[in-house]
Amino acid sequence: MLQHGILQKGISFRWEDEPYSCGYCWPEEKIMGLSIPIVKAVHQNLVEEIILHEIAHAIDYTNQNRWRYKYVIKNGRRKRRYLIHDKVWRDIAKSIGLEYPTATIAVCTE
Ligand SMILES: [Zn+2]
């Protein structure tokens, strides 16, 4: 995070004790996080991939000076916000070493 200038932009890191998502980015709070149970369960290479994925969002934020996200609409109501994984984000992700950037990362914990 230091290497990519993320901390210098006011974005901090925290661990989450939550098994449903590998990594997190909270726009308003300027926080990036990783899931403790998932990080413990997967191979280190995958952890690095998850970190780079989230760092790419944070760099995207610092480049644009805003978070770029969409809302999931369900039954006509805004449900959940998710960060955009478009070409701009993919190019950032590739530039920091994520070979195949995808919106989701498949995790097998067996
Ligand atoms: Zn993402």
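**The helix pair and its surroundings**

Tutor: H2 and H3 are oblique to each other, a class left over once angles under 35 degrees are called roughly parallel, over 145 roughly antiparallel and 65 to 115 roughly perpendicular. This is a predicted model, in which local features need pLDDT of at least 70 and side-chain atom pairs count only at pLDDT 80 or more, while totals for chains, interfaces and linings use all residues. Residue numbers start from 1 along each chain as its sequence is written.

The angle between helix H2 (residues 44-64) and helix H3 (residues 87-95) is about 120 degrees, and their axes are 9 Å apart. Helices (H or I, at least four residues) and strands (E, at least two) are DSSP runs numbered from the N terminus. Axes are lines fitted to C-alpha atoms, for helices over the stretch in contact, with angles from 0 to 180 degrees between N-to-C directions.

On the H2 side, the meeting residues are Leu52, His53, Ala56, His57, Ile59 and Asp60; H3 contributes Val88, Trp89, Ile92 and Ala93. The contact of H2 with H3 comprises 7 nonpolar, 2 polar and 1 charged residues (nonpolar: Ala, Val, Leu, Ile, Met, Phe, Trp, Tyr, Cys and Pro; charged: Asp, Glu, Lys and Arg; polar: the others, Gly among them).

Alanine 56 counts as buried because 26 other C-beta atoms lie within 10 Å (buried: 20 or more; exposed: 12 or fewer; partly exposed: in between; C-beta atoms placed from the backbone). Beyond its neighbours within four places in sequence, alanine 56 is in contact with Trp89, Ile92, Ala93, Ile96, Leu98 and Pro101, contact being C-beta atoms within 7 Å. From alanine 56 to valine 72, 16 residues away in sequence, the C-alpha to C-alpha distance is 21 Å.

Aspartate 86 belongs to the loop between strand S5 (77-83) and H3. Aspartate 86 is exposed, since 12 other C-beta atoms lie within 10 Å. Its C-alpha atom is separated by 8.8 Å from that of alanine 103, which is 17 residues away along the chain.

H2 also lies across S2 and S3, at about 15 degrees to S2. These strands belong to an open, mixed sheet of 3 strands, ordered S1-S3-S2. Strand S1 (12-16) and strand S2 (23-26) each have a single partner strand, so one side of each has no neighbour in the sheet. Direction ignored, neighbouring strands of this sheet are turned by 25 degrees against each other on average.

S1 pairs in the parallel sense with strand S3 (residues 31-35) over 5 bridges, where pairing requires at least two DSSP bridges. Serine 12 faces isoleucine 31 in S3, and arginine 14 faces glycine 33 in S3. S2 and S3 run antiparallel and are joined by 4 bridges: glycine 23 has leucine 34 in S3 as its bridge partner, and tryptophan 26 is opposite isoleucine 31 in S3. Gly23 and Cys25 form the covered face of S2, whereas Tyr24 and Trp26 form the uncovered one.

Conventions
Two residues are in contact if their C-beta atoms, placed from the backbone, lie within 7 Å.
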